[in-house]
Amino acid sequence: MPAETFEFQVEARQLLQMMIHSIYSNKDVFLRELISNSSDALDKLRLETLRDDTLQADTSDLHIAVEADIETRTLTIRDNGIGMSHDEVVQLIGTIANSGTAKFLKELKEAQDSATSEELIGQFGVGFYASFMVADEVTLLTRRAGESHGTRWNSSGEGTYTVESVDDAPQGTSVTLRLKPEDAEDQLFDYTSPWKLREIVKRYSDFITWPIRMAATTADEDGAEPGTETVNSMKALWARSRSSVTDEEYSELYKHISHDWTDPLETIRMQAEGTFEYQALLFLPSHAPQDLFMQGHKRGVQLYVKRVFIMDDCEALMPTYLRFVKGVVDAQDLSLNVSREILQQDRQIELMRRRLVKKVLSTVKDMMSAAPEKYGTLWKEFGRVLKEGLLDDFENRDTLLEISSFASTQDEEGLTTLRSYVERMKEGQEQIYFMTGESRAAMESSPHMEAFRAKGFEVLLLTDPVDEVWVQSVPEFDGKQLQSIAKGEVDLDTAEEKKEVEAEREKQQQDYAGLLTWMTEQLGESVKEVRLSSRLTVSPACIVSDTHDVTPALENMYRAMGQ
Ligand code: ADP
Ligand code: MG
């Protein structure tokens, strides 16, 4: 069969253009990406052979090889993993599955300077396409384990690629890069140098659990052809002592797991011994991925059993509201065949999950005092997700309230915690006042705010959609009731003031009785009641809902959802 020519998907083409013109300065990462893909492919093959013993696959010597050819200036990264079928090649290599791509590209186009672009690319990660930072032509040869025919994919990254069937491809995938001629003279980009390659592998991929082999740099004693040697140490970082692992090594593991190109904000280590032994290495990212709020966003914790990768997106280990946490949990006492269904029902796993959650939350809490800036970043990026926990994680509700921050009338820019709100509460104030709405400006100019401003009461300003929901289910913090200022009767006066006001009100009530009756008649069905208000100081009138009614914003939300 002749080679077929395909066009790259629009987003893929745009991304490739950026790679070709190398707007990312750290080109070395292409090797990390290719090795990472090979490592995933080997993991997948091992899992498939475990689950399906009819699969015709060779698993005798699973490894990754990096081979450079100085003469032809080509570099090949080879694995004997799961490989790809013809259709998979077209689907996986020709398109970008990441659902946040469109948004990412839009932001990238709007980015003015190269530093911003670089940061955006770092946050997005470009995977296989990173090859085109260093190569002007890439050939991928692959055969899926169990299939007889292979597939060759070739492209110079400019708009199109070709795909053809080949009879004699080895199992797995090899990616051959024809290195850009313009880099030939530059030592920095000499990707044919064994020392350079070795250094990159050590730096980025040392923890990969499969051997990464390269031609040995020293000739054998007797002067024979040099053989190959394994370059990475293959040591699982979570099983090593804290003092023997550098921050850089943790960072690289994080990048491998998360497909993020930026460093994590925080690394969390855990270890449990005894009847159910496990080790965990969790990471809090420094920025939210594009698709955090999209359907089907994956959770970031991988499950290993005795150093063997079992599954990613392990929902039994993290609740949805901690879906941004990345990492590895390695359990010693599970079967390699463990399934998602079994995990969901396992009591030990449930216990482990509860401990992991507590540890993540206590880490955030510690951060608040020990590293307020870090906490600020975390809250800015993930606060909206964490607050989802207030809806259903009753066990950790108090901690979640402790680590939450909110905008408030007390501070124009900064955020406040409930704890410091309570500390600032005025003499005689019993409740924590809040308002929910679309924006700070809208709430500040709301008539509901007037009396509170006049009396100098602080009001929390909640603008996230999730705020509408959790405030319904959280009654109090630290014994202080949470009270919406847009709901029911709010009593802002002291006993003394009350007496005076009462008398005044009685009088007004009589004076305005006629007007109120008339207004109630005129407005008819639209309102329940018209009454004199003590909460306004400037506006002539405002609409109030009953304590148990839905708030206006929630009403809008339900309406938008078609209810
Ligand atoms: P990501 O690794 O984030 O999914 P990549 O662009 O790196 O994105 O790779 C895209 C997909 O192509 C992978 O998810 C995988 O399915 C497939 N792929 C890439 N390299 C290999 C390989 N060496 N063996 C098997 N499949 C691969
Ligand atoms: Mg990848």
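**A tour from the annotated span to a helix pair**

Select residues 26-183: the end C-alpha atoms are 14 Å apart, and the span is 34% helix and 27% strand. Helices (H or I, at least four residues) and strands (E, at least two) are DSSP runs, numbered from the N terminus. This is a predicted model: local features need pLDDT of at least 70, side-chain atom pairs count only at pLDDT 80 or more, and totals for chains, interfaces and linings use all residues. Residues are numbered from 1 along each chain as its sequence is written, with chains lettered from A and ligands numbered from 1 in written order.

UniProt, in an unreviewed entry, lists residues 26-183 as "domain: Histidine kinase/HSP90-like ATPase". Its positions follow the numbering used here, feature names are shortened, and annotations may be inferred rather than shown by experiment.

Next, select strand S2 (residues 64-69) and strand S8 (residues 212-215). They pair in the parallel sense over two bridges; pairing requires that DSSP finds at least two bridges between two strands. Zoom to isoleucine 64, opposite isoleucine 212 in S8.

S8 and S9 run antiparallel, joined by three bridges. Here arginine 213 faces threonine 230 in S9.

Now show helix H2 (residues 29-51) and helix H6 (residues 194-205). Their axes are 9 Å apart, at an angle of about 65 degrees. Axes are lines fitted to C-alpha atoms, for helices over the stretch in contact; angles run from 0 to 180 degrees between N-to-C directions.

Finish on the contact residues: Leu31, Arg32 and Ile35 of H2, with Ile200, Val201, Tyr204 and Ser205 of H6. Contact means C-beta atoms, placed from the backbone, within 7 Å.

Key
Contact = placed C-beta atoms within 7 Å.
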